[in-house]
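I opened this model to look up its salt bridges. The entries below record what I looked up.

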Amino acid sequence: MEPHLEQIREQQKQSWNKFSGGWKKWDEIVMDFLKPMGDEIIRLINPKTTDYILDIASGTGEPGLTIAAKLTDGKIILTDLADDMLKIARENAALRGIKNVQTMTCDVCELPFPDNTFDAISCRFGFMFFPDMELAAKEMVRVLKPGGRIATAVWNGPEKNFWITATMGTISRNLELPPPPSGSPGMFRCAKDGFISDLFTKAGLKNIVQTEVAGKLNCKTVDGYWEMQTEVAAPIVAALGSTTDEIREKIKKETYIIVNEKFPDGNVIIDSSAWVIYGEK
């Protein structure tokens, strides 16, 4: 991998390890939020009871742990770049009594598995953070058995994801942040209609299907929304940490106004939209 891509990988690893505590704190709400996308991934790959499955960018364990529960005579390996996230996944597996699961800290661009190993691969919200998405897709295809299934989820455009743009838009207006370099990891890097489908085609997959899936982030209150965003979302925390107390307070106030305008009854349940893309080797 090229040096600048290795640098991005290290930044990603440090960031996800750093914010693992926030993800553990908000795990129940976040996993409920992301469940529809995980459910669609599971429906598409249709795990058989004896399958050997790979879950990539597993984070705190989903949808891998739900898949594991379906594999009565099979097994799943959960992988992530950040071991502090996988530590939470291991704790979650133990709490649920799931034993047919193994975790492995590794880079998707250098998967430590032989060719044609897995029956299926799941990857929920990983692609937009991979330094080299084409290499990642090729690696996934390499370790997938002939006829194997793969499904991934990526975020749709910002206009359909107010749950993140409410805060990030306010930050951008106040800080005048320069646009990130082209190809940098980011929430909406894969949002273009057909982007991942094209990537899958280039990697050699066939029978590709793309579906739009909606979700709801139930923060309950605007306070809950702000606390979660500032403890889970690395770009938000980084931006707020680079400015003055006065500007931070201004950003918070303006975000509250925007969210309260959208949810005047105080019941903050925010819609989201993602693409789920399926392919076969």
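I began with Asp 245, which forms a salt bridge with Arg 248, the closest N and O atoms being 1.9 Å apart. I applied the term to a side-chain nitrogen of Lys or Arg within 4 Å of a carboxyl oxygen of Asp or Glu. Both residues lie in helix H11 (residues 245–262), 3 residues apart, about one turn of the helix. Helices (H or I, at least four residues) and strands (E, at least two) are DSSP runs, numbered from the N terminus. Asp 245 is exposed at 58% relative accessibility, whereas Arg 248 is partly exposed at 26%. Here buried means under 20% relative accessible area, exposed over 50%, and partly exposed in between (1.4 Å probe, protein chains only).

I noted that the model is predicted: local features need pLDDT of at least 70, side-chain atom pairs count only at pLDDT 80 or more, and totals for chains, interfaces and linings use all residues. Residues are numbered from 1 along each chain as its sequence is written, and side-chain values use heavy atoms, with hydrogens and water left out.

Next I looked up Glu 212, which is joined to Lys 160 by a salt bridge with its closest N and O atoms 3.0 Å apart. This pair links distant parts of the chain, 52 residues apart: Glu 212 is in strand S6 (residues 206–220), and Lys 160 is in the loop between strand S5 (144–155) and helix H7 (162–175). Glu 212 is partly exposed at 40%, and Lys 160 is partly exposed at 37%.

I then found a salt bridge between the side chains of Arg 90 and Asp 83 (3.5 Å, N to O). Arg 90 is partly exposed at 35%, as is Asp 83 at 31%.

Finally, I recorded a network of salt bridges linking Asp 115, Glu 139 and Arg 142. The structure holds 15 salt bridges.
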